[in-house]
Amino acid sequence: MSGFKERIFSGAQPTGNLHLGNYLGAIKRWVELQETHECIYCVVDMHALTILPDPVELLKATREITAAYIAAGIDPKKNIVFNQSRVKQHAELAWVFNCIARIGWMNRMTQFKDKAGKDRENASLGLLAYPSLMAADILLYRATHVPVGDDQKQHLELTRDIAQKFNNDYSSRIEQLGVGIEMKSGDETINGFFPITEPMISGPAMRIMSLRDGTKKMSKSDPSDLSRINLVDDADTITKKIRKAKTDADAIPSEVEGLEGRPEADNLVGIYAALAGQDKAATCREFGGKQFSEFKASLAELAVATMSPITQEMRKLNEDPAYIDQVLRDGGERAGELAEKTMHDVRDIVGFLQN
Ligand code: AMP
Ligand code: TRP
């Protein structure tokens, strides 16, 4: 893409229990990427403040989600794992971006529209500015790639817009200070300070749907617990939820095209494929012609085999908060050093006196 060193950044909010959508859509891929890339994985507690005002819950959820990252296989020594609020430069860069981004851009965000509901005037300013903080998370580390689920696509497009506008608005200053990096912008080569981040959204798990309604995404906030598989569910609960998952009356198709117009079937096949590390076509070949009862039994077995070791490890880690706190402190220190390097240049670029 450019002269920027490849670096992965991603994060999840510490709100309630993580579910299979978070695991397959995001965390499982984070684990794979640590083999090939330098990775920074963040617990975005400042983002959670937009929806979770109970301080005791927030503290608990921050430790729990960190335990989930580690239990899923993220190595906090090899990568940086930390909670966002510890590194003050996130808030500092978000402010600069608040002055770059336009209110119109924020108003168009579907997540904001969904969460704010009808009474938009009464939504917090934080909820509106949320994507600007998210852009700051990513660009503070000049991250080039961001693995997330499909629901974050619009936010990542906005991150690219913010980077582009910043590079543009301050282009002569960036050049004059010599802090830019040569990068391609269309056919032109420009000298930019922030990379134009690439989203990594692909595979059968980029959008895992509710087990009760194949047209709604699996989500922490769905009132029905049967709609999702939580990372803390035991084997019996997982099996029961899969058995009760909504389906249609037909058999599994032997070709992927046969899933069209069958959202529930498509979702269950997608979940199987993601758990098995294959594509949906391979799953259709394997189960084509089989009834759902048989397919669901195999799916439940695979889900339990994959999730149980993670759940057990998570329980163990949850009993050792001192270890979790140490991971976050250590990660925070390492993240802080990288963040300050970027922020020091940003202060120079925008004209903040700092020496
Ligand atoms: P959140 O819990 O909203 O902070 O999301 C954490 C990560 O999980 C993000 O990368 C989301 O895109 C991803 N994610 C959340 N729900 C789903 C889902 N139903 N399917 C796939 N990915 C998801
Ligand atoms: N908005 C993301 C979500 O709800 C969480 C998030 C915050 C994030 N900052 C980020 C994801 C930076 C990737 C990169 O899932």
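**Ground rules.** I used a predicted model in which local features need pLDDT of at least 70 and side-chain atom pairs count only at pLDDT 80 or more, while totals for chains, interfaces and linings use all residues. Residues are numbered from 1 along each chain as its sequence is written, chains are lettered from A and ligands numbered from 1 in the order written, and side-chain values use heavy atoms, with hydrogens and water left out.

Entry: I looked up the largest pocket and found about 1,200 Å³ of space in it. A pocket here is an open set of points on a 1 Å grid over the protein atoms alone, where a 1.4 Å probe fits, with protein on both sides within 12 Å along at least five of seven lines. The volume is the space filled by probe spheres set on the points, joined across faces, edges and corners. I noted 48 lining residues (an atom within 4 Å of a point). Closest to the centre are Asn22, Gln111, Asp151, Gln152 and Lys217. By class, the lining has 17 nonpolar, 19 polar and 12 charged residues; Gly counts as polar, and only Asp, Glu, Lys and Arg as charged. Helix H1 (20-33) gives the most, six residues. Helices are DSSP runs (H or I, at least four residues) and strands likewise (E, at least two).

**Entry: ligand 1.** I counted 17 residues around ligand 1 (a heavy atom within 4 Å). H1 supplies the largest share of this shell, four residues. I then checked polar contacts (N or O pairs within 3.5 Å). The side chain of Lys220 puts a polar atom 2.7 Å from an oxygen of ligand 1. A backbone N or O atom of Gln13 is 2.9 Å from an oxygen of ligand 1. Alone, ligand 1 exposes 490 Å², and the protein buries 91% of that. Areas are Shrake-Rupley values with a 1.4 Å probe.

**Entry: ligand 2.** Around ligand 2 I found 13 residues, with Gln13, Tyr130, Met134, Asp137 and Gln152 nearest. Helix H7 (125-139) gives four of them, the largest share. For Gln13, a polar side-chain atom is 3.3 Å from an oxygen of ligand 2. Ligand 2 alone exposes 370 Å², with 91% of that buried by the protein.

Conventions. Polar contact = N/O pair within 3.5 Å; in protein donor to acceptor, adjacent residues only side chain to side chain.
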